[in-house]
Every structure is written in structure tokens, then in C-alpha cells.
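Open the model in your viewer and keep the selection panel at hand. The stops below say what to select and what is there.

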Amino acid sequence: MDQQQIGSFIRQCREEQNLTQQQLADKLGVTNKAVSKWETGRSMPDVALFELLCRELKISLSELLAGRRLRAEERPAMAEQLLSESISSKKLVGLQVFLMFNSVLGVLLALSPLLLRLEAPFSLLFTGAGLLECAAAICFDLTLPGKETRRNSYLAYAVHATALFSALAVLNYTAGVRARVPLSTMLLTYLIPYLLTLILGRFLLRARRGGK
């Protein structure tokens, strides 16, 4: 958010509404000096005043924080961008890791009847719960803010790959033991694709970021 731009926009909108600084201050319950500081970019309005300020200036919250008028088609994208900027990148990456763990948990739940040889109705219950878990993780991933920051995180990608390959290894361990497959062979079966996935993911994310 550009504080100077927001201040200039507040002044522009105030003048459009034919309000003096004192009149706007009276409507908001603040001093005219506070309004002057906003308009010169020396400070920002208190968050508690955002809604009332937008109402008096006849603008949306997204427009206030963007510091300019927005076309209708710009508003959803700008709202997400502003929300993303208000959340630290570490929290966004943590959110992505949480969503990825939930998707892996969903896969494990959905496949658990095969691993544990569960019979109905427990097999249907676990499979249904797993599918719902996966669907919820995907839904939240699509709707929560900061998709670009979250999906461009190599840490989140690596955690997801580790959790997924670990889950697959656990699911197939029992079958491997029954088939008398050596442990070293089972480890290599998952370790090599896992490492290749990490390397490939690194290159893909670097390409998406423009080689940075």
C-alpha cells in the first residue's frame, strides 16, 4: 500500500464530495489535523474508521487501500492482492503447508480401507472422509488469498513431496514385506523418484519466477 497515494486519493474524494477537512473530520469524530495528516501521507486512518470513511467518500474499501478508482473487473483481484499484502509471506507458506498436509491426510484416509482391510461400513466411512478432506483442501487452496506467494514457495513444495512420498511408502510397506522385497529396494523405489521430483520442482519454480 502506497501511503502517499492513498492520502492524495482521500483528498481527491473529499473534494469531489464538496467537504472541507473540518467537515470530514466532524463526520468521522476526529480532528481536522488528523485528516490533514492522512491527505499528506504522514499517517493512515485507524482501521476502525475505514468503513465510515469509505461511506462518506462514496468509495469501496479496495479503492481506499489501492489509492485509486477501480473498474468493476479489477475489484476482486485487487481485494485479494491487498489481503495478501496484509499477511506475511511466512504465514502464507505455512498456510500452504497446512493445506498440503491436509490433502495428504485425505489420500491416506481414502486409501486406508485397502491398507487396513476394513470392511463396510468403515471402509465407506474412511474413504468418504478422505475424499471430503481432499476436496476441502483443494477448495481452500483456490479461495484463500496469496495463491502466487504460496504456490511459488519451494519449501511448501518440498514438504508436500516429502509427505506424499512418505505416505505412499507407508501404504506399500506391508505389501513389500509380504512379498519379501528387501528394505533397500523399497527405499530406492521411492527415494529416487522423490529426489527427482524435488529437483524437477526446483527447476519449474525457478522458471516460473523468471530464473531468479
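**Stop 1: the largest pocket**

The largest pocket holds about 320 Å³ of space. This is a predicted model: local features need pLDDT of at least 70, side-chain atom pairs count only at pLDDT 80 or more, and totals for chains, interfaces and linings use all residues. Residues are numbered from 1 along each chain as its sequence is written, and side-chain values use heavy atoms, with hydrogens and water left out.

A pocket is an open set of points on a 1 Å grid over the protein atoms alone, where a 1.4 Å probe fits, with protein on both sides within 12 Å along at least five of seven lines; lining residues have an atom within 4 Å of a point. Points are joined across faces, edges and corners, and the volume is the space filled by probe spheres set on them.

Select Phe-165, Ala-169, Met-186, Leu-187 and Tyr-190: of the 17 lining residues, these are the closest to the pocket's centre. Now colour α10 (154–178) and α11 (183–208), the elements that each give two or more residues to the lining. Helices are DSSP runs (H or I, at least four residues), numbered from the N terminus.

**Stop 2: helix α3**

Select residues 32–39. Gly-41 follows α3, with a positive phi near 80°.

**Stop 3: Glu-63**

Go to α5 (residues 61–66) and pick Glu-63. Glu-63 counts as buried because its relative accessibility is 4%. A polar atom of its side chain lies 3.0 Å from the backbone nitrogen of Ser-60.

Terms used
Buried means under 20% relative accessible area, exposed over 50%, partly exposed in between (1.4 Å probe, protein chains only). A polar contact is a pair of N or O atoms within 3.5 Å; within protein, one must be able to donate a hydrogen and the other to accept it, and residues adjacent in sequence count only if both atoms are side-chain atoms.
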